[in-house]
Amino acid sequence: MTTNTVLDTKVMGHRGAALLAPENTLSSIRAAAKAGATWVEIDVYLIAEGGLVIFHDDTLERCTNGAGETRLALPTEVAKLDAGGYFSAEFAGEKVPTLIEALACVQSLGLGLNLEIKHDGADVENIVPAVMAVLREHWQDNNKLIISSFNHSALLLCYEIADGRHLAQLYEAIPDNWQTELENIQAYSLNCDYSLLTKEQAQAVKAAGYKLLCYTANDADSVADHWDWGMDAVITDDPNKFAAMMAV
């Protein structure tokens, strides 16, 4: 169930600020902070040799000059990739950050973090304990951390390892068994696709005592009704679009 000491914002930058700088990079995190966001969402991905990097896709092509499956990429290879040139020449040479590098950057800026465990496989034991160990060692303020995932098994393991963490179940469309899944992990919030959310669902989530976060809205008008439904925060690629909400 929720507490009021964690989510102290209505606007969260998505993959840092994915419209302002290359997504899931240190520059993107800094761009979110510059735009006024006090929380960011980024993705942690498992690569070869147990490496943990901030990356979204199952393949390297879209956001780097590399190729192939992200899961199979060696840390030494990923460290050499250009993760910014695709976005603009200004960011050429931007690197794919490690989880540890990203945690240091987020904390140096005084931001809250929504860390999404990006893992579609059933082998959650290969990523979750490692992520939780890094967080235990390198993250300071538990009240400025939310751990989210679409993978319910991953969140169950997070809860088993450290039941004091603030966990968020991610959905596209909210399924009928959402409340059971949130209860299973003593969830802090439900995070869902704003465009698939109904007023009735939003009110049910709030009535059950959970925070409600909606992604990925890049136009204030698109979620204007959602605030009335009970949405607590919007996750956006451009926090500038919600400057009025950040001022509240």
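1. A definition is needed first: a residue is called buried when its relative accessible area is under 20%, exposed when that area is over 50%, and partly exposed in between. The structure under discussion is a predicted model. In helix 4, which spans residues 128–138, the buried residues are Val128, Val131, Met132, Val134 and Leu135. Viewed down the axis of helix 4, these buried residues fall within an arc of 160°, so they line one face of the helix. An α-helix has 3.6 residues a turn, so residues three or four places apart point the same way. The face of helix 4 turned away from the buried side carries Arg136 and Glu137, both exposed.

2. What covers the buried residues of helix 4? The cover includes strand 2 (39–46), strand 3 (52–54), strand 4 (112–117) and strand 5 (145–149), together with helix 3 (99–108) and helix 5 (152–161).

3. On confidence, the protein averages a pLDDT of 96, and 98% of the residues score at least 70. Confidence is highest in strand 3, at 99, and lowest in helix 9 (residues 243–246), at a mean of 87.

4. As to overall form, the protein has nine helices and nine strands. Its radius of gyration is 17 Å, close to the 18 Å that the globule rule gives for 248 residues, so the protein is as compact as a globular protein of that length. Taken along the principal axes, the C-alpha atoms fill a box of roughly 50 × 40 × 30 Å. Of the 248 residues, 54% are buried. Among contacts with a separation of 6 or more, 57% are made by residues 24 or more positions apart.

5. The interior deserves a point of its own. In soluble globular proteins, nonpolar side chains tend to be buried together. Here the largest nonpolar core has 60 residues, and those that touch the most other members are Leu99, Leu113, Val128, Leu135, Trp178 and Leu190. Apart from this core lies another, of twelve residues, among them Leu7, Met12, Tyr188 and Ala233. Val128 and Leu135, named in the largest core, are also among the buried residues of helix 4.

6. Which residues does Leu190 touch, not counting those up to four places away in sequence? They are Gln169, Tyr171, Ile174, Trp178, Leu182, Val205, Lys211, Leu212 and Leu213.

7. Charged pairs come next. Side chains of opposite charge can pair when their charged atoms come close. A search of the whole structure finds eight salt bridges. One of them joins Glu23 and Arg62, whose closest N and O atoms are 2.8 Å apart. This pair links distant parts of the chain, 39 residues apart: Glu23 is in the loop between strand 1 (11–14) and helix 1 (26–34), and Arg62 is in the loop between strand 3 and helix 2 (75–78). Glu23 is buried, with a relative accessible area of 12%, whereas Arg62 counts as partly exposed at 40%.

8. Arg62 also forms a salt bridge with Asp57, and there the closest N and O atoms are 2.7 Å apart. Asp57 is buried, at a relative accessible area of 13%. Arg62, Asp57 and Glu23 belong to a network of salt bridges that also includes Arg15 and Asp43.

9. The side chains of Asp123 and Arg71 meet in a salt bridge as well, at 2.7 Å from N to O. Asp123 lies in the loop between strand 4 and helix 4 and Arg71 in the loop between strand 3 and helix 2, so the pair ties together parts that are 52 residues apart in sequence. Arg71 counts as partly exposed, at 29% relative accessibility.

10. Most residues other than glycine have a negative phi, and most peptide bonds are trans. Arg15 has a positive phi, near 55°, and Asn24 has a positive phi near 60°. Arg15 is placed in the loop between strand 1 and helix 1, and Asn24 is likewise in the loop between strand 1 and helix 1. Are these residues buried or exposed? Arg15 is buried, with a relative accessible area of 15%, and Asn24 is buried, with a relative accessible area of 2%.

Key: Residues are numbered from 1 along each chain as its sequence is written. This is a predicted model: local features need pLDDT of at least 70, side-chain atom pairs count only at pLDDT 80 or more; totals for chains, interfaces and linings use all residues. Side-chain values use heavy atoms; hydrogens and water are left out. A nonpolar core is a set of buried Ala, Val, Leu, Ile, Met, Phe, Trp, Tyr and Cys residues joined through side-chain atoms within 4.5 Å. Buried means under 20% relative accessible area, exposed over 50%, partly exposed in between (1.4 Å probe, protein chains only). Contact means heavy atoms within 4.5 Å. Helices (H or I, at least four residues) and strands (E, at least two) are DSSP runs, numbered from the N terminus. The arc is that of the directions from the helix axis to the C-beta atoms. pLDDT is the predictor's confidence in each residue, from 0 to 100. A salt bridge is a side-chain nitrogen of Lys or Arg within 4 Å of a carboxyl oxygen of Asp or Glu. The radius of gyration is taken over C-alpha atoms; the globule rule is 2.2 Å times the number of residues to the power 0.38.
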